Amino acid sequence: MHTTSGRWSYGLFLALLTALLWGILPIKLKQVLQVVDPITVTWYRLLVSGGLLFAWLAARRRLPSFTRLAPKGKGLVVVAVLGLMGNYVLYLIGLNLLSPGTAQLVVQVGPVLLLVASVFVFRERFSLGQGVGLVILLAGFGLFFNQRLEELLTSLGTYTTGVLTILLATSIWVFYALSQKQLLTVWHSQQVMMVIYLSCAALLTPWVHPLEALQLTPVQGWLLLACCLNTLVAYGAFAEALAHWEASRVSATLALTPLVTFVAVALAALVWPEYVHAEDINALGYVGAVTVVSGSALVALGPSLVASWRARRARLAQVQ
């Protein structure tokens, strides 16, 4: 069983770095999507990230061996590739219809769906603390969408379509996450990501328009490059954080990502109002965003909190 290094402060730093990179990503993507279509943006991100990983692994002579994969393993690769590709493309389509903050908040449904799926697939336990966290998260969404709840429930306009598209992207991501978890028993994370990134890029190639990138302004061009590197660095920091800190605490830290997005949008709207627009959310909506983040963090920390409570009770019983 994997054990952490105990360098919790370094793990916390890496988790916060991941939250920061993922938090500012939709702001950059929103600018690039003004010129380049979602499929082409996804293709560039996957191709650059996969190519850099290939060069790194080849230099270290650690390229993955497909002969180690059983037929079931190859099937998992196919599911992971289709899952991540669908997630990336659908997320960008949804982001085109929503604000960065809203899109990033809806993504918080992903870890919850993964948790529920893991209960059935891997027979993992669902604790009372996680159940409470799920209720808090759902209540938070109700508060966040208070201004547009009627629109979400009664019509299929641009806003509703965007939310549903992000939800679909998040649901598809669960299949990728479950498959990747199994593939890590054969390859390490960098090998898995390289294969998935390059396979996704190859499948998307017939539908991309790479020359659209030539229409980008210099600033948008740098933002596209930053999006590509963000994909590589953020996932690398996330994987390394898990090596130094407990997964539940890393996940709870990453729940801060939507708040990072809201703060980043507010700052960018002040500095570059001609490029970035402030979120159109009332005070109750911001309370809802914080509530969603709190619920998501509680879902992640639920098992460890219950274990700590039981250990404390056991120690008290021994003292008495």
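Residues are numbered from 1 along each chain as its sequence is written. In this predicted model local features need pLDDT of at least 70, side-chain atom pairs count only at pLDDT 80 or more, totals for chains, interfaces and linings use all residues, and side-chain values use heavy atoms, with hydrogens and water left out.

Q: Why is L12 called partly exposed?
A: Buried means under 20% relative accessible area, exposed over 50%, and partly exposed in between (1.4 Å probe, protein chains only). L12 has a relative accessible area of 27%, so it is partly exposed.

Q: Where is L12, and what does it contact beyond its sequence neighbours?
A: L12 sits in helix α1, residues 8-32. Helices are DSSP runs (H or I, at least four residues), numbered from the N terminus. Leaving aside neighbours within four places in sequence, L12 is in contact (heavy atoms within 4.5 Å) with W245 and T253. The C-alpha atoms of L12 and V250 are separated by 7.2 Å, although the two residues are 238 apart along the chain.

Q: What makes Q220 buried?
A: Its relative accessible area is 9%. That is under 20%, so Q220 counts as buried.

Q: Which helices supply the lining of the second largest pocket with at least two residues each?
A: They are α1, α10 (218-244) and α12 (257-271). The largest share, four residues, comes from α1.

Q: Why are Y10 and F13 called a stacked pair?
A: Rings of Phe, Tyr and Trp (its six-membered ring) pair if their centres lie within 6.5 Å; planes under 30 degrees apart are stacked, over 60 edge-to-face and the rest tilted. Y10 and F13 lie 6.5 Å centre to centre, with 15 degrees between the planes, so they are stacked. Both lie in helix α1, three residues apart, about one turn of the helix. Y10 is partly exposed at 31% relative accessibility. F13 is partly exposed at 48%.

Q: What makes the pair of F144 and F145 edge-to-face?
A: Their planes are 80 degrees apart and their centres 5.1 Å apart. The angle is over 60 degrees, so the pair is edge-to-face. F144 is buried at 5% relative accessible area, and F145 is buried at 8%. F144 and F145 belong to one aromatic cluster with F141, Y159, F262 and Y286.

Q: What is the phi of R61?
A: Phi of R61 is near 55 degrees, a positive value in a residue other than glycine. Most residues other than glycine have a negative phi.

Q: Where is R61, and why is it called exposed?
A: R61 is in the loop between α2 (38-59) and α3 (71-97). Its relative accessible area is 80%, over 50%, so R61 is exposed.
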